[in-house]
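Here's a quick briefing to read with the model open in your viewer.

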Amino acid sequence: MEDNVLFGEHYNTHFDPDVYVKSFFTVLEDTVEGGLAAFILKGLQDVFKSGDVKGTRLLDIGTGPIPHSVIPAVPFVQDIYLTDFSTVNRKYLQDALFGSGKQDYENVYDFFANLGDKSESWRKRSDDLKAKVCGIFPCDLLQDDIFGGSSFPLFDVITSSLCIEAAAPDVETYGNIAKKISKYLKVGGHLVIVGVLGQNYYIVGEHKFFSVSISEHELKSCWEQAGCTIQGWNHLKGSEETEYADLGSVFVMDCVKKS
């Protein structure tokens, strides 16, 4: 494995979406990585099953190659907008959801079904998601206009999972990104964030990718300064170093925009 830590445009040249999905979301129990994935999915399900997080439009920031962050939201919203920086990830997601891609995310859908309505088939939830996706759009969180001129309405719900730490080169930039994202959320709307604390890198195949190491205090302060009030917080401490990352801990956070 290379020693260089990759960032930015390397997601279009070195990031393998299929390896990422298989590494982090194939095994959902029994291993350190599987336990962390299960924690994330359970945390997202808990946020949405309350029924408080709902609305007409949902925006997902940095969907990547798997829409795990929006699957539990499907029954509670009408229109879903997916976004990602990488052209490779957007194509993979497009092929998986609407094209000839081999990835169908069956194990993730089944995991959510087992947490909730076990009578609902994974195929039904998959079909429901596809019917509500309005598009898969480019997104660059380091630009002033993060959607490159695309005109979006304000959203009732914004989700983002395992994205912002990989985009922000430092804590100050993370805070600026939080402010840019919150501008797209209605006052009273919910922001659901999954992220990592104290992580410097994560590994996909043979490549090591950058992650800004941010503390719980720094992260919460960033979102509070972006006009959001934290309603729910759940975190799980990870091993200091695994086969896939030097993870400190992973969290699921629910915020409400107050201003």
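Which residues lie nearest the centre of the largest pocket? They are Y11, F85, C163, A166 and A167, out of 25 residues that line the pocket. Before going on, note that this is a predicted model, where local features need pLDDT of at least 70, side-chain atom pairs count only at pLDDT 80 or more, and totals for chains, interfaces and linings use all residues. Residues are numbered from 1 along each chain as its sequence is written, and side-chain values use heavy atoms, with hydrogens and water left out.

**Empty space**

- Some background first: rolling a probe the size of a water molecule over the atoms shows where empty space is left.
- Here the search runs on a 1 Å grid over the protein atoms alone: a cavity is a set of points where a 1.4 Å probe fits but cannot get out, a pocket is an open set with protein on both sides within 12 Å along at least five of seven lines, and lining residues have an atom within 4 Å of a point.
- The largest pocket has a volume of about 420 Å³, a volume being the space filled by probe spheres set on the points, with grid points joined across faces, edges and corners.
- Its lining splits into 15 nonpolar, 8 polar and 2 charged residues (nonpolar: Ala, Val, Leu, Ile, Met, Phe, Trp, Tyr, Cys and Pro; charged: Asp, Glu, Lys and Arg; polar: the others, Gly among them).
- There is 1 cavity of 30 Å³ or more by this rule, and the largest cavity has a volume of about 330 Å³.
- Of the 21 residues lining the largest cavity, F24, L162, V196, Q199 and Y202 are the closest to its centre.
- Two or more lining residues each come from α1 (17-25), α2 (32-49) and α6 (helices are DSSP runs of H or I with at least four residues, strands are E runs of at least two, and both are numbered from the N terminus).
- Helix α2 gives the most to the lining of the largest cavity, with 4 residues.
- By class, the lining of the largest cavity has 16 nonpolar, 3 polar and 2 charged residues.

**Sheets**

- Seven strands, in the order β4-β3-β2-β5-β6-β10-β9, make up an open sheet with mixed pairing (two strands pair if DSSP finds at least two bridges between them).
- The edges of this sheet are β4 (133-138) and β9 (228-237), each pairing on one side only.
- Neighbouring strands in this sheet are turned by 15° against each other on average, direction ignored (axes are lines fitted to C-alpha atoms, for helices over the stretch in contact, and angles run from 0 to 180 degrees between N-to-C directions).
- Strand β1 pairs with β8 (residues 207-210) in the parallel sense over 2 bridges, with L6 opposite F209 in β8.

**Helices on the sheet**

- Helix α3 (residues 87-98) lies across β3 (77-84) and β4, at about 160° to β4.
- Helix α7 lies across β2 (55-61), β5 (155-161), β6 (185-197), β9 and β10, running at about 145° to β6.

**Residues to click on**

- I177 sits in helix α7 (residues 171-182) and counts as buried, at 1% relative accessibility (buried is under 20% relative accessible area, exposed over 50%, partly exposed in between, using a 1.4 Å probe and protein chains only).
- Not counting residues up to four places away in sequence, I177 touches L141, L142, I164 and A168 (contact means heavy atoms within 4.5 Å).
- H68 is in the loop between β2 and β3 and is buried, with a relative accessible area of 2%.
- Leaving aside neighbours within four places in sequence, H68 is in contact with F25, I40, L41, L44, V108, F112 and S161.
- Y105 has a positive phi of about 60° although it is not a glycine; Y105 is in the loop between α3 and α4 (106-115) and is buried at 1% relative accessibility.
- L162, in the loop between β5 and α6 (164-167), also has a positive phi, near 55°, but L162 is partly exposed at 27% relative accessible area.
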